[in-house]
Amino acid sequence: MEAKQVLFTDINTQTWIEEVLLNAESHSEFSEDPNWSIHKKQMHGGQSDGVDLIEIDNGALRLSLLPTRGMGVWKGSYQEIPLGWDSPVKAPVNPAFINLSERGGLGWLSGFNELVCRCGLISNGPPGQDTAGNPIESDLTLHGRIANTPAHYVSVELDPRDGGWIRITGKMEEGMLFGSHFLLESTLETQLGSAEFAIHDRVTNLGPVTAESELLYHINIGSPFLEAGAQFEIPFAEMAPRDSRAAEGITDFNTYLGPTPDYAEQAYYFKPICDDNGYTPAMLCDKKGGLGFLVNFKQVDLPYFTLWKNTQTESAGYVTGLEPGINFPNFRAIEREQGRLRNLGPGSSYQTEIQISILNNSDSVDEIRQKITKLSEKSASIIHDEPHAQFS
């Protein structure tokens with residue numbers, strides 16, 4: 001059987017399916033395994049009203065995908081191990097209810113509760129006035145607009161090769177008259193029965209002039225991976241704390257506190273090292289080393305990495321972020337000065353790839369830990385005790 005396409009949404013042909021269930025009963029030619037399914041539906045009520053939700057089950061791994069929120073991954077589970085975090089924002093928020101400019105440009109936080117969301121495409125980092133870029137885009141809000149941009153095209157591909165692959169593709173446009181105009185084409189894929197999923201993105205400049213772009217993947221993890229004594233590991237050539245607050249914890253940057261009242265967030269910036277295939281592994285594991293959350297990313301496309309630590313109380317949002325990006329999440333003017341903005345000519349594009357794997361035993365965690373140790377031996381792993389001008 002050839003791969004089969006199922007169209008969910010396409011504004012160009014006015015195609016939109018509110019609810020549909022794909023499974024072994026409806027598509028036995030793809031796989032007769034009764035454990036896989038794709039359920040597309042729309043949420044109703046409160047601030048979730050009108051949010052499209054695609055629930056993917058590959059037989060072992062479950063993911064909740066949000067086309068209405070920039071193709072972000074809300075939450076998931078692997079063999080009943082929960083993936084995600086407990087945000088004060090409990091349910092997906094329709095972007096129609098988000099005012100990115102409120103509270104001094106921090107409105108993005110009013111919808112922030114995803115396992116995976118993107119920051120960009122024009123900018124990410126803190127809000128403020130960036131007078132050196134396009135004047136119509138000088139008033140920046142936290143982390144940009146793409147996470148609150150609904151997909152205008154969504155399709156599913158059922159590919160029976162190699163045991164069966166599920167691929168969900170979405171397209172979002174971020175642009176305006178006299179401003180930048182980008183197209184994001186994103187595909188999430190997972191193999192039936194696996195503990196992994198990957199996201200492949202392409203960003204294209206649809207505008208008539210060269211435009212600046214930023215992109216960072218905010219991958220957010222809570223318990224049971226995150227706990228007192230949890231460990232973070234990544235091979236790197238150089239690292240620096242983002243600010244003086246992060247410098248306070250530089251000696252313990254790779255370990256975590258339990259839920260801590262009044263904890264102030266800390267962030268650390270890395271120049272990572274990749275393996276012979278060009279991928280960098282970044283792993284969070286629990287205290288005992290029996291459970292791991294692994295992010296692999298292609299370093300040539302995502303050359304920078306941010307570790308975000310936010311070990312507040314559970315009710316305030318106990319979470320850490322593993323964040324590969326084409327830039328660091330500083331104010332855009334800083335990233336421009338450091339040459340980390342991606343300048344795209346008309347019709348030009350760039351691609352990114354991240355892979356997320358769940359490690360549910362000590363042997364798989366140890367295997368990745370040994371790989372990271374071996375890669376780390378390639379470099380002196382310079383650690384700056386204070387914020388460094390090349391980083392922030």
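1. **Cavity lining.** In this predicted model, the largest cavity is lined by Leu-65, Met-71, Val-73, Arg-118, Ile-168, Ser-186, Leu-188 and Ile-199. Its volume is about 30 Å³. With a threshold of 30 Å³ or more, the count is 1 cavity.

2. **The sheet.** An open sheet is formed by 10 strands. Their order is β2-β1-β12-β13-β14-β15-β25-β21-β20-β17. The pairing is antiparallel. Which strands stand at the edges? They are β2 (15-16) and β17 (231-233). Each has a single partner strand, so one side of each lacks a neighbour in the sheet.

3. **Helix on the sheet.** Helix α5 spans residues 362-376 and packs on the sheet. Helix α5 touches β17, β20, β21 and β25 (349-359). The direction of helix α5 makes about 130° with that of β20.

4. **β20 and β21.** Strand β20 covers residues 279-285, and strand β21 covers residues 292-298. The two pair in the antiparallel sense over 7 bridges.

5. **β21 and β25.** This pair is joined over 6 bridges, again in the antiparallel sense. Here Phe-293 stands opposite Ile-358 in β25.

6. **β15 and β25.** On this side, strand β15 (residues 196-205) is linked to β25 by 9 bridges. The two strands run antiparallel. Val-203 faces Tyr-350 of β25 across the pairing, standing opposite that residue.

7. **Cover over β25.** How many residues of β25 are buried? The count is 8 of 11, and the strand is mostly covered. In the sheet order, β25 sits between β15 and β21. Helix α5 also touches β25.

8. **Glu-157.** This residue lies in strand β12, which runs over residues 153-159. In the sheet order, β12 sits between β1 and β13. Which side chains make polar contacts with the side chain of Glu-157? One is that of Gln-5, at 2.9 Å. Another is that of Arg-167, at 2.7 Å.

9. **Surroundings of Glu-157.** Leaving out residues up to four places away in sequence, Glu-157 touches Ala-3, Lys-4, Gln-5, Trp-165, Ile-166 and Arg-167.

How values were computed
Residues are numbered from 1 along each chain as its sequence is written. This is a predicted model: local features need pLDDT of at least 70, side-chain atom pairs count only at pLDDT 80 or more; totals for chains, interfaces and linings use all residues. Side-chain values use heavy atoms; hydrogens and water are left out. Helices (H or I, at least four residues) and strands (E, at least two) are DSSP runs, numbered from the N terminus. A polar contact is a pair of N or O atoms within 3.5 Å; within protein, one must be able to donate a hydrogen and the other to accept it, and residues adjacent in sequence count only if both atoms are side-chain atoms. Contact means heavy atoms within 4.5 Å. Two strands pair if DSSP finds at least two bridges between them. Axes are lines fitted to C-alpha atoms, for helices over the stretch in contact, and angles run from 0 to 180 degrees between N-to-C directions. Buried means under 20% relative accessible area, exposed over 50%, partly exposed in between (1.4 Å probe, protein chains only). On a 1 Å grid over the protein atoms alone, a cavity is a set of points where a 1.4 Å probe fits but cannot get out, and a pocket is an open set with protein on both sides within 12 Å along at least five of seven lines; lining residues have an atom within 4 Å of a point. Grid points are joined across faces, edges and corners, and a volume is the space filled by probe spheres set on the points.
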